[in-house]
Amino acid sequence: MPESAMSPQDALVAVMVATSASDENVRTAELVAITRIVNHMPVFATYDPDRIRRVSRIVFDLFEEEDGLDALFGLIREALPERLYETAYALACDVVTADGRHSQVELRMLEEVREELKIDRLHAAAIEWGARVRHMVV
């Protein structure tokens, strides 16, 4: 498989990793969330979790390039069927809320994901609400 070729699951992982890394601080809670999602969500049933490291390297390498974010979203849109765009956004929201904190950079990254994947504003609000209530603490 060429370096640039991504599976749909790779693209979902890339969205989660990019969202987590957007503030240049990948927190343990975010890594645990990504691992948990990959291990338990049906969309990853046939996915090899060892690929997370390779996909993460691609994301980090692209973040170092001047137009890397645009290139990353190009790869994601190429690999991800449109019917999974909202899934990608939901997973990104889950990763951002996993540690109970939202940096402005992470929120801007979610906005970027929303725009790049053309997520309807009402659908996005519902997805964000779902992530928030799933990660509430007592």
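Met136 is exposed, with a relative accessible area of 55% (buried means under 20%, exposed over 50%, and partly exposed in between, with a 1.4 Å probe and protein chains only). The model is a predicted one, in which local features need pLDDT of at least 70 and side-chain atom pairs count only at pLDDT 80 or more, while totals for chains, interfaces and linings use all residues. Residues are numbered from 1 along each chain as its sequence is written, and side-chain values use heavy atoms, with hydrogens and water left out.

Met136 lies in the segment after helix H7 (121-134) (helices are DSSP runs of H or I with at least four residues, strands runs of E with at least two, numbered from the N terminus). Together with Trp129 and Val133, Met136 makes a nonpolar surface patch of about 330 Å². Such patches are made of residues with over 30% relative accessible area and no salt bridge, nonpolar side chains (Val, Leu, Ile, Met, Phe, Trp, Tyr) being joined within 5 Å and like charges within 9 Å.

Helix H5 covers residues 85-97, and its end C-alpha atoms are 19 Å apart, in agreement with the 18 Å that its 13 residues should span at 1.5 Å a residue (the expected span is 1.5 Å times one less than the number of residues). Of these 13 residues, 10 are buried, so H5 is largely enclosed by the rest of the structure. Among the buried residues are Tyr85, Tyr89, Leu91, Cys93 and Asp94. The cover over the buried residues of H5 includes helices H1 (8-21), H2 (28-40), H4 (68-79), H6 (104-116) and H7, where contact means heavy atoms within 4.5 Å.

Six salt bridges are counted, each defined as a side-chain nitrogen of Lys or Arg within 4 Å of a carboxyl oxygen of Asp or Glu. One of them joins Asp94 and Arg134 at 2.6 Å, N to O. This pair links distant parts of the chain, with Asp94 in helix H5 and Arg134 in helix H7, 40 residues apart. Asp94 is buried at 11% relative accessible area.

A further salt bridge, at 3.0 Å (N to O), is formed by the side chains of Glu128 and Arg114. Here Glu128 belongs to helix H7 and Arg114 to helix H6, 14 residues apart. Glu128 is partly exposed at 24%, whereas Arg114 is buried at 17%.

Within helix H3 (residues 51-64), Arg57 and Asp61 are four residues apart, about one helical turn. Their side chains meet in a salt bridge of 3.2 Å, N to O. Arg57 is partly exposed at 47% relative accessibility, and Asp61 is partly exposed at 39%.

Notes:
Areas by Shrake-Rupley, 256 points an atom, 1.4 Å probe, with all protein chains shown as cover.
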